[in-house]
Amino acid sequence: MADQPTPLPRFARAGHAGHCKRCLSGLPASQTDVDASRLALAFYCIGCLDLLGVLEDQIPATQREQWKEWMWEQQSNGKHGSGFRPSPFMTGQRLSHEQPPIEYTEYDTPHIIMTYTALLSLAVLRDDFSRLDRPGLLQFLRACQRPDGSFSTVPGSNESDLRTLYCAFAISSMLDDWSGLDIPLAISFIATCRTYEGGYGQSPFCEAQGGTTYIAIASLALASAWTKHSEYLTASDRELTIRWLLNNHDKSGGFCGRTGKDADACYCFWCGAALKILGAGNLVNADAVASFLARCQFKYGGISKAPGENPDPYHTYLSLAALAMYQPSSAATGADSQSWKFEPLDPLLNAREETALWIRGHVPAKGT
């Protein structure tokens, strides 16, 4: 980890906002592979504009309303309950907001990760969630939980890892209703993904990764807030996890996702957020993180995974989220300090604290 980063340049806020607005209008050639997951892409772009503080100023209210309508069009229901599909490519039907949610088949069921990102995006856009099928969403979560405690991405799928478990936990936390899953069984699955290093792999016996370690730590914290059980991690387990995460704080200033790998901008969030949740955020060198992310900025806007790579909304959003948690010092930013200022982030839901408060006030059923 760098002892003293060089003075930071001005953070290119306008360029990063422009990159995300361009991706919302039409994907560049380098990003067309994510076209089938448009709900996730929409979250990263809209989330960036929110973190940059320009969503309401630069996006007309009519356009924000159109975005909300498009997202609600992706809500569908059927025998497994209700959730959100990844994008309109799933079916040729198109709905207006005056019609009920589309009924899916076995081949275009909702997707648990996309459902999580849809709820976050709608909260960023300050939707009132009057159209959310809450009982159907709980039914959907039950249909996704597998006998080993993990969750499939869609009902009946064999594809499961810690990412889908976190989404189930986050959705339950947003609803303030955990009746859609078996918490003890899910907690036991998390434990099977822990490695000897203190990190977590995406499945049992997999290599520890920064992203899935965040997923595990955030999931345990979300469950603890609901169950009031604080012993999911022992003191020694917590210390080992903190040590592993800090060992991934690279000399470049960024974080590595796996032991011995190069630093990657997204892991500044994944590892940094895990440390924040574990109460060890004070051990992170915020100036070094900002210095690394400054070098990942693309000259025409957007942030890439590493210096010299192509930018994308995913790494741009997670870089901004990392900076919202770890603000560089005034000594490092100098006269450009204002360009590095961000409102605080809730590391558990991965959204601005103001957005997380909106979720807590609007997503749960009335009277809960």
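The legends below describe close-up views of a predicted model.

**View A. Packing of helix H8 against helix H9.** Helix H8 spans residues 183–192 and helix H9 spans residues 210–227. Their axes lie 11 Å apart and form an angle of about 155°. Because angles over 145 degrees fall in that class, H8 and H9 are roughly antiparallel to each other. The handedness of the H8 and H9 crossing is left-handed. On the H8 side, the contact involves Ile183, Ile187 and Ile190. These residues meet Ala216, Ser219, Leu220, Ala223, Trp226 and Thr227 of H9. Sorted by class, the residues of this contact comprise seven nonpolar and two polar, with no charged residue.

**View B. Packing of helix H2 against helix H4.** Helix H2 covers residues 38–51, and helix H4 covers residues 61–73. The two axes come within 12 Å and cross at roughly 150°. H2 is therefore roughly antiparallel to H4. The crossing of this pair, H2 and H4, is left-handed. H2 contributes Arg38, Leu39, Ala42, Ile46 and Leu49 to the contact, while H4 contributes Trp67, Trp70 and Met71. The contact of H2 with H4 contains seven nonpolar residues, no polar residues and one charged residue.

**View C. Packing of helix H5 against helix H6.** Helix H5 (residues 112–124) packs on helix H6 (residues 134–144) at an angle of about 150°. The axes of H5 and H6 are 11 Å apart. This angle makes H5 roughly antiparallel to H6. H5 passes H6 with a left-handed crossing. From H5, the residues in contact are Ile112, Thr115 and Leu119; from H6, they are Leu137, Phe140, Leu141 and Cys144. Six residues of the contact of H5 with H6 are nonpolar and one is polar, whereas none is charged.

**View D. The hairpin of strands S1 and S2.** Strand S1 is formed by residues 75–78 and strand S2 by residues 81–84. The two strands pair in the antiparallel sense, and four bridges connect them. Two residues make up the hairpin that joins S1 to S2. Within this pairing, Asn77 has Ser82 of S2 as its bridge partner.

**View E. The pairing of strands S1 and S3.** Strand S3 consists of residues 102–103 and runs parallel to S1, to which two bridges join it. Asn77 has Glu103 as its bridge partner in S3. Ser76 stands opposite Ile102, which also belongs to S3.

**View F. The complete sheet of strands S1, S2 and S3.** The three strands form an open sheet, ordered S2-S1-S3, in which the pairing is mixed. S2 and S3 stand at the edges and have a single partner strand each, so one side of each is left without a neighbour in the sheet.

How values were computed. Residues numbered from 1 in each chain as written. Predicted model: local features only at pLDDT ≥ 70, side-chain atom pairs only at ≥ 80, totals over all residues. Heavy atoms only, no water. Axes fitted to C-alpha atoms, helices over the stretch in contact; angles between N-to-C directions. Parallel < 35°, antiparallel > 145°, perpendicular 65-115°, else oblique. Left-handed = near helix turned anticlockwise from the far one by under 90°. Contact = heavy atoms within 4.5 Å. Nonpolar A, V, L, I, M, F, W, Y, C, P; charged D, E, K, R; others polar. Pairing = 2+ DSSP bridges.
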